[in-house]
Amino acid sequence: MNLNKIFKNALLLALACLALSACAKKVSTGQMQGDVYTGTDTVEYLASGVPDRVFFATNESVLTTKSRETLRKQAAWLRKNSNINIVIEGHADERGTREYNLALGERRANAAKDYLMTYGISADRISVISYGKERPVDSGSNPLSWSKNRRSVSVKAN
Amino acid sequence: MFLRYILILFLLIPFNSFALIEVDITRGNLNPLPIAVSPLSLDSDSKSKLKTILKKDDIGAQISIVVENNLKKSGLFNPLNKDSFLQKPDIAHFKPRFEDWALIKAQALITGKVTFSDEKLRVEFRLWDVLAAKEIMALAFTTVPSNWRRVGHIITDKIYERLTGEKGYFDTRIIYVSEEGPKIKRIKKLAIMDQDGFNTKYLTLGNELVLTPRFNPTNQMVTYLSYFRNLPRVYLLDIETGIQEVVGDFPGMTFAPRFSPDGKKIIMSFAKDGNSDIYTMELENRIVERITNHPSIDTSPSYSPDGKYICFNSDRSGYQQIYIMKSDGSNVKRISFGKGLYGTPVWSPRGDLIAFTKLHKGKFYIGVMRTNGKGERLLTENFYQEAPSWSPNGRVLIFYRETKTDDKGEGFSAKLWSIDLTGYNERLVNTETDASDPSWSSLLSD
């Protein structure tokens, strides 16, 4: 094995982690930035090149740069397909109380909805539903699994 | 359906003797009181008739086992092994030989007698102070035979009350969410059972997701969240008739419901455009009132027992904390200031404490604090647990706990647990399936 290369990669990862505040202790997979999931394991596509979901930091509903990029793709696709309506499902991870997580899921779904609306998608084409922590995509009890579950997913409604 | 049975209770002998035995429930009890629960005696005629009806060999012994298990689980009593009993049940009930009971170190003795006549079950029992060689209580009940477990619970309540000076919590039920299936696609049903895990009934079929059921003060109605037709809304269910209805006409998700202490209102959260606020709806005239109006999440409201105040959960400070306010929404005051996040506040039936869930450094705690936020005490720490609900006497909390899912995707479970306010006597509560979101009823016969 090329130990030199492995060492170099590890060093790069370590440097990348140093640059991100919350990363240092928890994450070594390269699939998270801070504690926001950046991988594609669970992502499905509304159309080619249009991811169906965006991910959130713990307890947050702020859209990351990458999330906004994903949502702009969704907006463009929705503009092209004006007969399609969507439901945005908001989700939380299992590390919160059930009732608060229902509210948090609703807040996340609406963050996505609001962003789509600023890109010209009419509110009456978008409904939202919060599942709180009731419908995880990944059943694991670890930071990576939790990051995949903190999400809002746009689903075709018709 | 279960409240229809008429339960007649009367004092056998009005007797007000001074009891030497006393049980202190304000501290963790490391020396539970040794108590002998003699099987209740049963004449052969009643025995054979009851056997036909109830399919139980010896209902007298069965009732005593219900009492014994209740006493044991309270953590305050140590029921002695029946093998060591020297006196026969019928003779002991008539006139105990106190030396025999003292010999096996019993400090209290329970005896009783069961008879069956006119299609009714008649149960009498006596509580004896062994050291003082005195009867300290005697009661009899008449009810339908199928109610035999309840008789055991009521007897336990009477004994508990006589020896601790406080009301019991044994003739009560728990409503909860029964869970089955894989974690990513859980099937959830409303379920109701006796406090000791028996007589489980399922109130929904599992076709839609249901969460957070809570009793009304008379235990006949339940308010809960259902995803019926994929619209998460607060519902009201009449347990006896099975009739369900949506609470109010809100253009969005309603959740986190509870009854007001007088049972006339439901208080809940309504989420719209990314903001959850607290509302009430009066059941009789459907008048809706907005209680909070804040761009943060306001949820998990719970009334004080006098109905004058509401505690609730809000992240208006940036993170989940506990607040109290007057019931009209004025005078909002934050009361949780410890390290970590706080959720699910629920006001004690005694009025003096608020139980909560706390998340700190990756661990979940069930704790209590006074209503001014002082005197925080954490009762139990675990990987995940939340949603405490008080026993009607305010001495015990029931909550649910989830275990970790390992890297193979195994190990997950959700179970009900109880713990005394003292932080002692933590116990798994038996349920037929996995379970969450427990809510404790008030005393059924009070």
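Predicted model: local features only at pLDDT ≥ 70, side-chain atom pairs only at ≥ 80, totals over all residues.
Residues are numbered from 1 along each chain as its sequence is written, and chains are lettered from A and ligands numbered from 1 in the order in which they are written.

**View 1. Helices α3 and α4 of chain A cross at roughly 55°, and their axes come within 9 Å.** Helices are DSSP runs of H or I with at least four residues, strands are runs of E with at least two, and both are numbered from the N terminus. The axes are lines fitted to C-alpha atoms, for helices over the stretch in contact, and the angles run from 0 to 180 degrees between N-to-C directions. α3(A) and α4(A) are therefore oblique to each other. From α3(A), the residues R68(A), L71(A), Q74(A), A75(A) and L78(A) meet A112(A), Y115(A) and L116(A) of α4(A), where contact requires that the C-beta atoms of two residues, placed from the backbone, lie within 7 Å. This contact divides into six nonpolar residues, one polar and one charged; Ala, Val, Leu, Ile, Met, Phe, Trp, Tyr, Cys and Pro count as nonpolar, Asp, Glu, Lys and Arg as charged, and the others, Gly among them, as polar.

**View 2. An open sheet of four strands in chain A has the order β5-β8-β6-β7 and mixed pairing.** Two strands are said to pair if DSSP finds at least two bridges between them. At the edges stand β5 (53-55) and β7 (126-132) of chain A, each with a single partner strand, so one side of each is left without a neighbour in the sheet. On average, and with direction ignored, neighbouring strands of this sheet are turned by 15° against each other. Three antiparallel bridges join β5(A) to β8 (residues 151-156) of chain A, and in this region F55(A) stands opposite R151(A), while V54(A) stands opposite S152(A). β8(A) also pairs with β6(A), in the antiparallel sense and over five bridges, and here K156(A) is the bridge partner of I86(A).

**View 3. Chain A meets chain B through 21 residues of chain A in contact with 32 residues of chain B.** On the side of chain A, α4 and β7 each supply at least two of the touching residues, and the largest share, ten residues, comes from α4(A). The residues on this side of chain A divide into eight nonpolar, six polar and seven charged.

**View 4. The domain assignment of chain B gives domain 1 (8-164) and domain 2 (173-440).** Such bounds come from an automatic or database domain assignment. The centres of the two domains of chain B, taken over C-alpha atoms, are separated by 35 Å. Nine residues from domain 1 of chain B and eleven residues from domain 2 of chain B take part in the contact. On the domain 1 side, helix α2 (residues 59-73) of chain B gives the largest share, three residues, and the residues of that side divide into one nonpolar, five polar and three charged.

**View 5. Helices α2 and α5 (residues 148-164) of chain B pack at an angle of about 45°, with their axes 8 Å apart.** That angle makes α2(B) oblique to α5(B), and the crossing of these helices is right-handed. Among the residues of α2(B) that meet α5(B) are I59(B), I63(B) and V67(B), and those on the α5(B) side include W148(B), G152(B) and I155(B). The contact divides into eight nonpolar residues, five polar and one charged.

**View 6. A second open sheet, in chain B, has four strands in the order β15-β16-β17-β18 with antiparallel pairing.** Its edge strands, β15 (254-259) and β18 (288-290) of chain B, each pair on one side only. Neighbouring strands here are turned by 25° against each other on average, direction ignored. β17 (residues 275-282) of chain B pairs with β18(B) in the antiparallel sense over three bridges, and M281(B) stands opposite V288(B) in β18(B).

Technical notes
Parallel < 35°, antiparallel > 145°, perpendicular 65-115°, else oblique. Left-handed = near helix turned anticlockwise from the far one by under 90°.
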